[in-house]
Amino acid sequence: MSALRYVYALCRPFSAPLQHPLTGVGGAPARQVEHHGLVAVVSQVPEEDFAEEPLKAHLEDLDWLTATARAHQKVIDALSGVTTPLPLRLATVFRDDSGVRVMIEERKDDLRRALDRVEGRVEWGVKVYIDDRETDTAESDSPAGKATSGRDYLRQRRTRTMAHEEMWEKVEEFARRLHGTLSSHAEESRLHAPQNSVLSRASGRNVLNAAYLVARSSSEEFVELVGRTGDDTPGIRVELTGPWAAYSFTGLMEGET
Amino acid sequence: MTMPTRLPSPYEGPSSSANLADILERVLDKGVVIAGDIRIDLLDIELLTIKLRLIIASVDKAKEMGIDWWEDDPALSSRARRQELARENAELRARLERMEAISGEEELERAREGRERS
């Protein structure tokens, strides 16, 4: 079986040494393919896993997908330590180095523009959750207790619904304000679809799922800002992740310029 | 309030601590889309991503909890897709049989009526 080339990211040539020997998907060493002043970071992957058919099958295998996604992200992370990489989507695969060079040749202007846009910047993820358990607990603690008649039951149900709606309005208002504040301290922002928490009820319902592009030099400030804006209201939780490579701001997604 | 204990400098990536949903969301759904030599149907991936948005906890934890819905989901599992096809086939076959039976009865009925009239 011959080997294919898996491309993780594109970046400008960099001189700083990587901290550890970089390994990618399947533990294969990652190396650089330089062309037209751009560097593609690639590693070899077996055709038996990454040719069209096996790849399609693998993409439906969550264990495989998890391992591959983590390996991909590990390479991006390591690169972020020494340069500003433009991360590619999972499983961008070419036949050989010359295929990679042809791609660079064809897309070099787009790639350079996108690299300029993210240079020296990182992405921070901020999510706001409403903790359903909190509101449920508050309800069951209410002095109303058990309904003793049908009318009581209806009245209690109405009170519960109203409490719930109030909570939602409060959280939405909080999320809107937070997003406004954070956006004004970031160069760009993106709203992503909220993550659905079917599998972990404990972590509550995701109300806001946003990404912010922030200069590396202002990141400490940004992190502190998120900390300060965090609400003490029971039932609201703010979660910060990052720094990520600028995945959400590559500007080369479909529907963008 | 959940805050990371580390600050962004010196650079330390999120991959060791980030949850799987966050990683998959970015690696599968964001990032530069470049058509490689190996063409995979992006639509397939979009579908997958929508399904994956449902995943917050680790896969192991989900399995521990007995949640394995994706194994029966035709959009996520080829085995489930095959089962879906088999089920549809069986359903269509049954419907066809029912229709044949009905039209057969109608023919008999007409034949009988014809005999009675003659």
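**A strand and its surroundings**

Author: Both faces of β6(A) are covered in this predicted model. On one side, Arg121(A), Glu123(A), Gly125(A), Lys127(A) and Tyr129(A) are buried. On the other, Val122(A), Trp124(A), Val126(A), Val128(A) and Ile130(A) are buried too. The strand spans residues 121-130 of chain A, and 10 of its 10 residues are buried, so β6(A) is largely enclosed by the rest of the structure. A residue counts as buried here if 20 or more other C-beta atoms lie within 10 Å of its own.

Next, the strand partners. Val122(A) has Val214(A) as its bridge partner in β8(A). β6(A) also pairs with β9(A), residues 236-244. That pairing is antiparallel as well, over 7 bridges. There, Val128(A) stands opposite Val238(A).

In α7(A), residues 219-229, the buried residues are Ser219(A), Phe222(A), Val223(A) and Val226(A). They cover an arc of only 100° around the axis, which puts them on the same side of α7(A). Glu224(A) and Arg228(A), on the other side of the helix, are exposed. What covers the buried residues of α7(A) includes β6(A).

Conventions: Residues numbered from 1 in each chain as written. Chains lettered and ligands numbered in written order. Predicted model: local features only at pLDDT ≥ 70, side-chain atom pairs only at ≥ 80, totals over all residues. Buried ≥ 20, exposed ≤ 12 C-beta atoms within 10 Å, placed from the backbone. Helix = DSSP H or I, 4+ residues; strand = E, 2+ residues; numbered from the N terminus. Pairing = 2+ DSSP bridges. Arc of directions from axis to C-beta. Contact = placed C-beta atoms within 7 Å.
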